Amino acid sequence: KSAGTDSRFGPAHEFLREMERICDRRVIDSIPKAEPIGPQGLVDLLAVAPCTGNTLSKIAAGITDTPVTMAVKSALRIGIPVVLCCATNDAMAASGPNLLRLLNTKNVYLVPLRQDDPVKKPVSLVADFSLLPRTIALALEGRQLQPVFLPPNTGA
C-alpha cells in the first residue's frame, strides 16, 4: 500500500501529512473508508493521478483490492466522473486494451497522453499532467478533452 511505502521521493508519512494539510481532510487509506465515496456523494469528481498501468488494468477489470480501485468503483456506480492521469511503461502493450476499454467507459475521462520517449520506451505513455485541470473542468461537463493522444515529446 503506497500510504505506508517510503520511496526515493521521501517518507510516506510526510506525503500523507502534506496531503491532509492541503485538503484539510484525513487521507482515505483503506477499502472500507473508500467505499462510501459514491453512495454518500463525498466528491463531485474523482481524479487518479498518477494512474499506473496496474491500477488502470484493475479498474478496467472491476478489481477493487485497493482504496483507489474501490473509490473508482464507488464513484462510477452512481455516475460520478472519474479522471485518469495515466503514466505507464506498457500503455501500448499489455495495458493497451484496458486503456482503450476505459476510454469507451461512461463517466471515465483520460488526461491526454503522449509517448514520453518513443526510442527508449516505445510502448510507454504518460499523461500531460499540465492538462489535468482542463480535463477535470470538461469531465464535470461530461466531455473528454481532445485530442486524447498527443504527439510524442521530441526533446527539441
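In which loop does N107 lie? N107 lies in the loop between α5 (96–103) and β3 (108–110), where helices (H or I, at least four residues) and strands (E, at least two) are DSSP runs numbered from the N terminus. The structure is a predicted model, in which local features need pLDDT of at least 70, side-chain atom pairs count only at pLDDT 80 or more, and totals for chains, interfaces and linings use all residues. Residues are numbered from 1 along each chain as its sequence is written, and side-chain values use heavy atoms, with hydrogens and water left out.

Most residues other than glycine have a negative phi, and most peptide bonds are trans. N107 is not a glycine, yet its phi is positive, about 70°. N107 counts as buried because its relative accessibility is 18%; buried means under 20% relative accessible area, exposed over 50%, and partly exposed in between (1.4 Å probe, protein chains only). D24, also a residue other than glycine, has a positive phi near 55°. D24 is found in the loop between α1 (12–23) and α2 (31–34), and it counts as exposed because its relative accessibility is 65%.

One joins A49 and P50, with omega about 0°, and P50 has its place in strand β1 (residues 46–51). The other runs from Q146 to P147, with omega near -10°; P147 lies in the segment after α6 (132–139).

The account now turns to helix α3 (residues 53–61). This helix is mostly covered, seven of its nine residues being buried. The buried residues are G53, T55, L56, S57, K58, I59 and A60, and they pack against β1, α4, β2 (82–88) and α5. After α3 comes G62, whose phi is positive, near 75°.

Two packed helices are described by the angle between their axes and the distance between the axes. For α3 and α4 the angle is about 40° and the axes are 10 Å apart; axes are lines fitted to C-alpha atoms, for helices over the stretch in contact, and angles run from 0 to 180 degrees between N-to-C directions. That angle makes α3 oblique to α4, given that angles under 35 degrees count as roughly parallel, over 145 as roughly antiparallel, 65 to 115 as roughly perpendicular and the rest as oblique. T55, K58 and I59 of α3 make the contact with V68, T69 and V72 of α4, contact meaning heavy atoms within 4.5 Å.

Helix α4 (residues 67–76) also holds S74. S74 is buried because its relative accessible area is 0%. A polar atom of the S74 side chain lies 2.7 Å from the backbone nitrogen of G38. Apart from neighbours within four places in sequence, S74 is in contact with A34, E35, P36, I37, G38 and P39.

P118 counts as partly exposed because its relative accessibility is 30%. If residues up to four places away in sequence are not counted, P118 touches P152 and N153. From C-alpha to C-alpha, P118 and S95 are 17 Å apart in space, and 23 residues separate them in sequence.

Notes: Polar contact = N/O pair within 3.5 Å; in protein donor to acceptor, adjacent residues only side chain to side chain.
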